[in-house]
Amino acid sequence: MSIKKRSKKAGLAPGTLIHMGRAKSGATRIDLVEYDESHLEARPVKSIEQCLVKKPLPTVTWVNVDGLADLEVLRHFGSCYGIHPLVLEDILATDQRPKAADYGEYLYVVLKMITLDAESGELRSEQVSLVLGQNYLISFQEGLEGDVFEQVRSRLNNEQARLRAMGPDFLLHALLDVIVDHYFLVLEQLADSIEDIEDELIGNPTPATVQSIYQLKRQMLFLHKALWPLREVASGLQRRDSQLIRDTTVIYLRDLYDHTVQVLDTLETLREMLSGMLDIYLSSVSNRLNEVMKVLTIIATIFMPLSFLVGLYGMNFKYMPELEWHYGYFMVLLLSALIGGGMLFYFKKRRWI
Amino acid sequence: MSIKKRSKKAGLAPGTLIHMGRAKSGATRIDLVEYDESHLEARPVKSIEQCLVKKPLPTVTWVNVDGLADLEVLRHFGSCYGIHPLVLEDILATDQRPKAADYGEYLYVVLKMITLDAESGELRSEQVSLVLGQNYLISFQEGLEGDVFEQVRSRLNNEQARLRAMGPDFLLHALLDVIVDHYFLVLEQLADSIEDIEDELIGNPTPATVQSIYQLKRQMLFLHKALWPLREVASGLQRRDSQLIRDTTVIYLRDLYDHTVQVLDTLETLREMLSGMLDIYLSSVSNRLNEVMKVLTIIATIFMPLSFLVGLYGMNFKYMPELEWHYGYFMVLLLSALIGGGMLFYFKKRRWI
Amino acid sequence: MSIKKRSKKAGLAPGTLIHMGRAKSGATRIDLVEYDESHLEARPVKSIEQCLVKKPLPTVTWVNVDGLADLEVLRHFGSCYGIHPLVLEDILATDQRPKAADYGEYLYVVLKMITLDAESGELRSEQVSLVLGQNYLISFQEGLEGDVFEQVRSRLNNEQARLRAMGPDFLLHALLDVIVDHYFLVLEQLADSIEDIEDELIGNPTPATVQSIYQLKRQMLFLHKALWPLREVASGLQRRDSQLIRDTTVIYLRDLYDHTVQVLDTLETLREMLSGMLDIYLSSVSNRLNEVMKVLTIIATIFMPLSFLVGLYGMNFKYMPELEWHYGYFMVLLLSALIGGGMLFYFKKRRWI
Amino acid sequence: MSIKKRSKKAGLAPGTLIHMGRAKSGATRIDLVEYDESHLEARPVKSIEQCLVKKPLPTVTWVNVDGLADLEVLRHFGSCYGIHPLVLEDILATDQRPKAADYGEYLYVVLKMITLDAESGELRSEQVSLVLGQNYLISFQEGLEGDVFEQVRSRLNNEQARLRAMGPDFLLHALLDVIVDHYFLVLEQLADSIEDIEDELIGNPTPATVQSIYQLKRQMLFLHKALWPLREVASGLQRRDSQLIRDTTVIYLRDLYDHTVQVLDTLETLREMLSGMLDIYLSSVSNRLNEVMKVLTIIATIFMPLSFLVGLYGMNFKYMPELEWHYGYFMVLLLSALIGGGMLFYFKKRRWI
Amino acid sequence: MSIKKRSKKAGLAPGTLIHMGRAKSGATRIDLVEYDESHLEARPVKSIEQCLVKKPLPTVTWVNVDGLADLEVLRHFGSCYGIHPLVLEDILATDQRPKAADYGEYLYVVLKMITLDAESGELRSEQVSLVLGQNYLISFQEGLEGDVFEQVRSRLNNEQARLRAMGPDFLLHALLDVIVDHYFLVLEQLADSIEDIEDELIGNPTPATVQSIYQLKRQMLFLHKALWPLREVASGLQRRDSQLIRDTTVIYLRDLYDHTVQVLDTLETLREMLSGMLDIYLSSVSNRLNEVMKVLTIIATIFMPLSFLVGLYGMNFKYMPELEWHYGYFMVLLLSALIGGGMLFYFKKRRWI
């Protein structure tokens, strides 16, 4: 969740390919799916000697690249599809701000796949780059957290699916839609955490509650940074800025935009819910301090005068008439009870007890 | 008031119909009203074998669907009126952000009906979807909290009502107007709660007051999320973005827009009123802590020196000249009174008492 | 200053006339002034059987309606001048947001007259509606707080006044100008209150100071809600959106706009001044708590060791060599003085005293 | 620095001349400078019987009016140069919001000269009005704080100065530039004050520090109100909205705009620096309270058990075996040392001491 | 990191050259690089008698000026390349707000090079001015912190570099890119500091932690002021506002814009992370105060009643029956144990211990 080390790129020529991600090791996996309404062929790609797509066929080709460690693969795609070196650099620089850029021949979309690690409770983010051409779509994943596009792949297997009848722009929508739907999942989990903390705040707030609030705040901040630019991306796609987007897909992209706005709305609502919580905690701590101080004050206010009283008759003066008196001791006991009772009555009246 | 579980939809194809609401059980009720200036016919619809509206009649048809559990009904409406699967999906996904979308043939408006549960003091929200066609209007309610459109129905029964003389766009306005008017009702109730809390804050603030403030803040947040997008909706309708809105209705939609802005203004004012309250509470807690500490300090400052004094003459030294003195004891009593009085005078001067 | 009960209108047809104000009782007073450069006729109107203005005369007619209780009067004006039912409804709904709406034939402006009740220190607001026609202006006041337009009336009596030579749009400006000028008056009074509180904060802050700050904050909030939309109103008028505004008047409306912006600037400055005050109060309370605690700690730190010392020699052990010593008692006294002095020196060094 | 009494104008006709400033007494001084590239004539104006500028000469005429008490002077300028009564009113109303207004024949610019009183540390503001015509510029100062335009006057005396070769619009720029440069001076002085307070906060914060922070906050607020509208003014001038601004001057006005933006940037930076300071102070007060309480607790925790111990052996029971023991007293001393030492060790472990 | 003394310029004519930086001493170093695809010549410039670039050659000339002390050099460049005096003034005034200004013949870009001093942890800023002409680029550095353009120079030595094949606008991009990349470096270092503070906050917060938070806040503020305007600069360059920017360079400037937005995003995220930290600290201080007070209260609540008890039997009354009782002393001991144990049990139940 920390800031990526972009500094190792400082001063290099733009377009120099350097991988910034964590999973430098691990093989790069390439999967290819070719489909139209009636046919579908899916196979892993072993070697990348030839360009995978080039022929002007009516089929749609989807190449999914999992893992960015093999720079050779990237260079190959670059030269095959005429992808600009700066785009290749962006694909590797896995701290990209979500954006959509139209390069005429192809459309480049980059965004984050977010998952919440169930054990550590930490957010993980994986960069997903999508290059949409006339009849192909290439997707690049960092390859860290399992394949998020499995659901789309299984929908493709269904011949009746609208996905099969439409172009690669609809496939782009399907992939983006899967990612945005996952954001809802993450936000729901965070909302559950927030409700747990609310219960804690009411029931028995501890310093650990503050830690949880702070952790959630950071996660919200992280999500805010990762998701906020998406609004612009979705809005741009829906306005059909690029001619690679067909008319029939626009209505679906508008739907995607609505979902994105909803995600951001929910995110902001959660952030505002969190923002007031620390004040509640502080007021609860103040209240407990008040309670503690009341106990101390009550005890001191009752026993300090009494201690003075008994100390008085512990003095060794020769001439102290009361000491001789037979009921002196009982008078002191009575007086002590009166003082103690009076104090208690006073505190009751003040609503301290 | 919590975040809806949208995650169960993650990864499904867009347009897949899944109901997200609470009231999955319970029958779906359909009511049909056909009217023009001179005639009105209202009847419940038992079976939906035929399309309810299709004929190009001059009458206005209003179909009200109460309850979203029966997906078959929705599919029927979808095919009869050519409603896009994404719209049907939105009708079912009851966590929609308020919006108005023009699909050419029809206009889709979705917003929230808000009610404040009198007993639990919780806000409830029910999604209302409205589909406006050339000569019909279909309204979908979740069917949770009684029929909010009863008032419009009774106005329709009045032959003199302007409602009867105008098209379905005016009916759309009437339904929206009823909903926005209900927002005022909810805001007034919340304003009353806020004034109660203000009185509490001045009179006798307790930790429970903080809970109330926090609950109200959450409710405001909930309302903010549910109502804020409405401004855009009302503004769009009033600008007559769609050709289904007639000129004569525009002035009424402008009025609706004014009301919406007023609702949002009031909401923001209430939020700001709440935002300062926790500080008032904290300052009141601090003040009381100060009071408690003053009492403790006064008591300690008076009796600690006195205890020392009487302890001094409780010592068992062989040679302590004062002990022999006849007035020694009385001198100690006098000295104690002087010390105690002096301290009280000092605190009085410092305005502690 | 509370939120008006708009809920009683919920569900009624738009254009239904219901009065929402406080002063339902009390007669409605109508005054008519007809003037041009050379003539002026002012008279109260007893009955409203005929339309007051209709003839296309070069004179300007100003009808001022004081009190909104008589719905018949309103309906009469509605039919005489072709005022839309929604406008009539707005005139009666005295919680209108300030706005200016152009209806072609006439221009409708609604805003608030604000006064500060000298005794209770509460803000009062009265809705003023202005309907500007080709050769007439009708003003509606709630009729609560005296006639605010007296100053304009007396200026009209002066034959030399520019007001006499110009049209009803200039009269509109004159009335708006009087109202905006009154805002300055109210803001000055509130600024005085704020300076009083500042002096209190520095001199002797009490819990009552917090109350005053909170009251002022609420009043600022109230003013913010009442005045903020005015910027848009004044800006629209100055841009000459309506053709009922003559060119010669525009320069005066620009001046009005400048004044409005100045009012809002001052309001925001006052709000920001208030916003920091509670923090000052809290820091002052914390400081005083610190002072109290220091006194307590100094006393305890001096006398607790001393009490132990004298308690030590109050023990009844058989064999305690010091007790036999002739100067034992004086040594204890000396030791006590040394301990006490040492503590005081220590606290001095720590700058506690 | 307080809010000006605009209320005395309430209800007067617009264009009524009333002076709102402080320096009502004191003579009005008028200075005239006529210059072109080769000639310069500067002289005080004693009587204003004739119009000072009217002839269409190629020379530039600069009339500087110091002091606004003499309304006759203003009326004279008004009639001579056709200045609109509302502009004259604005010149006198010395609480104007900075603005630039184009009246075709002339351009009216009003802004604030700000100075920081070295002794009281208070900000003073003086209104400066500038009327730019085809071949003249009239400047009006309140005449409170010395002549701020002296520097421009001496530059005019230099025949080589670019100022001499250019029109009155360049003179306008020169005067505005002098004023904006003075803002930097004031901001630097305030920045010094802020750094002093920072040192205090770190070294030895006192309640007086809070006062200083609050005073600076108010001054920032005052500056914000006085300077913020200037951005718009400078931006408008630079866009060459008026035809009285020549092309060659535009590049200088763009420079002026840059300076203005820089002033506002610095102002906002200073405001943000201040905004966090009170929190630092509060955390420092809390820390010191913690320290005080630790001392108290340490003392009490050590001596309360000891007092109980010695009190125990001060009891007068007949049968207390320890009292008879020869080493009883020394055991008590040893025990006391152990208890005290143990407590100290415990507090050391807890890092309290 | 403090505010620069711009005041010494107050009142001078615009275009007057005065150096505001720190490094007034120190020689001005001039380096010249001439290159095209096949040739490259780099040499230091000793004397500046002739204009360095003037001939319309196809080579690109890059003049780098290090140090601004020698005003003569600047004047020379001014007259050789027709640079406006105001631009020269801006180059010297080293507190410029980042901006890009198009002067037709040349484009002027000014921004800040930021470095973080490793030892003191302070941010240093050096102003970099770039003047882009048709076939030349002149860069001005303050010359404080080593040559930041070394990396670009070494890239120029590589004949294959794209840099060699393109115009001076691409060189401009390269220089800007190096500077923006350095911002990432600085932000990463600050992010590390923030994570250190987070660990401190959780582990063992001290008053020094508050100091660190405050220092970081100031640094963020400093960066915000220095970097925020850059967005506008990069956005303007990418929109190709100037005709000195060739089409082939635009895509690289768009990339630069993306990087700039990413820098600002990261900066804001860091600022928000910091903003919540002081609250965490305060809540931790409050918690510790609570702990301290609990210890005090527990001790006092146990030993005050006990002290009263033993004081009671230390009284010297003649008639106190318990004193005679053989087990009196042991009863007191037992009672003391019961009271102490009871109190401990009570505190355990309240979860104080």
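In chain D of this predicted model, the side chains of Arg124(D) and Asp117(D) meet in a salt bridge at 3.3 Å, N to O; the term denotes a side-chain nitrogen of Lys or Arg within 4 Å of a carboxyl oxygen of Asp or Glu. Arg124(D) is partly exposed, with a relative accessible area of 26%, and Asp117(D) is likewise classed as partly exposed at 24%. Here buried means under 20% relative accessible area, exposed means over 50%, and partly exposed lies in between (1.4 Å probe, protein chains only).

**Basis of the model**

Because the model is predicted, local features need pLDDT of at least 70 and side-chain atom pairs count only at pLDDT 80 or more, whereas totals for chains, interfaces and linings use all residues. Residues are numbered from 1 along each chain as its sequence is written, chains are lettered from A and ligands numbered from 1 in the order in which they are written, and side-chain values use heavy atoms, with hydrogens and water left out. Chain A has an average pLDDT of 87, and 92% of its residues score at least 70; pLDDT is the predictor's confidence in each residue, from 0 to 100. For the complex, the predictor gives an ipTM of 0.84 and a pTM of 0.87.

**Salt bridges**

Over all chains, the count of salt bridges comes to 70. Three of them are set out below.

| Salt bridge | Distance, N to O |
|---|---|
| Arg124(D) and Asp117(D) | 3.3 Å |
| Glu41(B) and Arg43(B) | 3.4 Å |
| Asp31(E) and Arg29(E) | 2.6 Å |

In the chain B pair, Glu41(B) is partly exposed at a relative accessible area of 39%, and Arg43(B) is partly exposed at 35%. Asp31(E), by contrast, counts as buried at 13% relative accessibility. Salt bridges with shared partners also join Asp90(A), Lys99(A) and Asp258(E) into one network.

**Symmetry of the chains**

Chain E is superposed on chain A by a rotation of 72 degrees with 0.1 Å of shift along the axis, at an RMSD of 0.1 Å. This is the relation of a five-fold axis. The superposition is by least squares on the C-alpha atoms of residues with pLDDT of at least 70 in both copies. Gly314(E) is the residue of chain E that comes closest to the rotation axis, with its C-alpha at 4.6 Å. Chain A is superposed on chain B by a rotation of 72 degrees with 0.0 Å of shift, again at an RMSD of 0.1 Å. In chain A, the residue closest to the axis is Gly314(A), at 4.6 Å (C-alpha). Only 18% of the interface residues of chain A are also interface residues in chain B, so the copies meet through different surfaces; contact means heavy atoms within 4.5 Å.

**The sheet of chain C**

In chain C, 7 strands form an open sheet of mixed pairing, in the order 2-1-3-7-6-5-4. Strands (E, at least two residues) and helices (H or I, at least four) are DSSP runs numbered from the N terminus, and two strands pair if DSSP finds at least two bridges between them. Strand 2 (40–45) and strand 4 (99–102) of chain C are the edge strands, each pairing on one side only. From one strand to the next, the twist averages 15 degrees.

Strand 1 (residues 29–35) and strand 3 (residues 60–66) of chain C pair in the antiparallel sense over 7 bridges. Within strand 3 of chain C, Thr61(C) is the bridge partner of Glu34(C). Helix 6 (residues 207–238) of chain C lies across strand 4, strand 5 (107–116) and strand 6 (123–132), and runs at about 150 degrees to strand 5 of chain C. Axes are lines fitted to C-alpha atoms, for helices over the stretch in contact, and angles run from 0 to 180 degrees between N-to-C directions.
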